Amino acid sequence: EICFPVASVTAMLETGKKLVFSEDSIRVFDEELAKKYKEMGVPEEVLEHSRKYGKEVAVHILTWAGEDNYKQTRTFPRYPVTEDIGRWKPTPPGYFDAIEPHWNVLRPFVLDSAMQFKPAPPPAYDLKPGSEFHEDLMEVYEVGENLDEEKKEIASFWDCNPFVIHHKGHLMFSEKKITPGGHWVGIAGIACQQAEADFTQSVETYAWTTLALADAFISCWDEKYRSSLIRPETVINSHIDEDWKPLLQTPPFPEYTSGHSVISTAAAHVLTHLYGDNFAFLDTTEVVFGLPPRAFPSFLVASQEAAISRLYGGIHYMPAIEQGVAQGEGVGKLIIQRLITRNPNSDQLSVDSSQ
């Protein structure tokens, strides 16, 4: 006899140990859960069988994951930086190498390929006044010069930079915060709690959200290293204002399309599919990092704010945001079309948690 909630949590934790650095945190959490299972009256024999089954599932998942090309990309060459006009270059303050230039070779979960939702090319690099690129560039500069407090709050709330660099004299140190994907996983958790979702509904919510995030990242990164567009900060400092700084630190990878726009839109579409068009919620994900909560009338409105926040932050031109939203919508809707977690003849999930 197997208790599937126990088995599934065991599978998740065993898998997580191999994919994250905080193994000790997982171990402590697992020990606390074991005590709770006993307090809930799960028989020792059922608990043993369930945990064994969960570990078998974890082995299967990790074996399957080992074939997704991620390990192979660890040995691929670094992304070359050239002096080609309009091509991405490392940005201050860290001037880091480009992150994950080979992400597009990873095996997607639902997409047919990384190129399935290939966006239109970005406007051609052209600093001639009146050109489309020049107008987009000046928009970033002027918006950054005239930010009100509300726009600053929006940019900071959605910054989600997991590695913010600080300089104090000759000292450089980093501040770690939540990732963009982690922010949307947090929103998924808020939705589960607010809707009083049961265990299997919560599992379903996290599965849909994280699949959308994963494939959206693969889709976005495929375009980033195809177009390899230069960041606004680089162009503005070189040709308009050498002292200008964006409100947010520019991430270390090419500009087009906007990752926030792609992944937020994809996640918002699947969450809307699960919880409805008008699911109002209070996003408290960033409270632990010292930022006040923000209220949204729907997931899609939240994703729209996440997208435009990158213009306010000074790190994206508008085409990257607009095309990123369209790209993310394509990913999200495809997942809704193809992913089935419920019995088509009823409203029940395909796995009965009562077993």
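Biologist: What percentage of the residues in the chain is buried?

Modeller: This is a predicted model, in which local features need pLDDT of at least 70 and side-chain atom pairs count only at pLDDT 80 or more, while totals for chains, interfaces and linings use all residues. Residues are numbered from 1 along each chain as its sequence is written, and side-chain values use heavy atoms, with hydrogens and water left out. A residue is buried when its relative accessible area is under 20%, exposed when over 50% and partly exposed in between, with a 1.4 Å probe and protein chains only. Here, buried residues are 45% of the 355 in the chain.

Biologist: Which secondary structure does the chain have?

Modeller: Helices (H or I, at least four residues) and strands (E, at least two) are DSSP runs, numbered from the N terminus. The chain has twelve helices and four strands.

Biologist: At what angle do helix α1 and helix α2 pack?

Modeller: Axes are lines fitted to C-alpha atoms, for helices over the stretch in contact, and angles run from 0 to 180 degrees between N-to-C directions. Helix α1 (residues 4–19) and helix α2 (residues 23–39) pack at about 165°, with axes 10 Å apart. Angles over 145 degrees count as roughly antiparallel; α1 and α2 are therefore roughly antiparallel to each other.

Biologist: Which residues meet there?

Modeller: Contact means heavy atoms within 4.5 Å. V6, V9, L13, G16 and K17 of α1 meet E23, I26, F29, D30, L33 and Y37 of α2.

Biologist: What are the dimensions of the box that the C-alpha atoms fill?

Modeller: Along the principal axes, the box is roughly 70 × 45 × 45 Å.

Methods: Angles under 35 degrees count as roughly parallel, over 145 as roughly antiparallel, 65 to 115 as roughly perpendicular and the rest as oblique.
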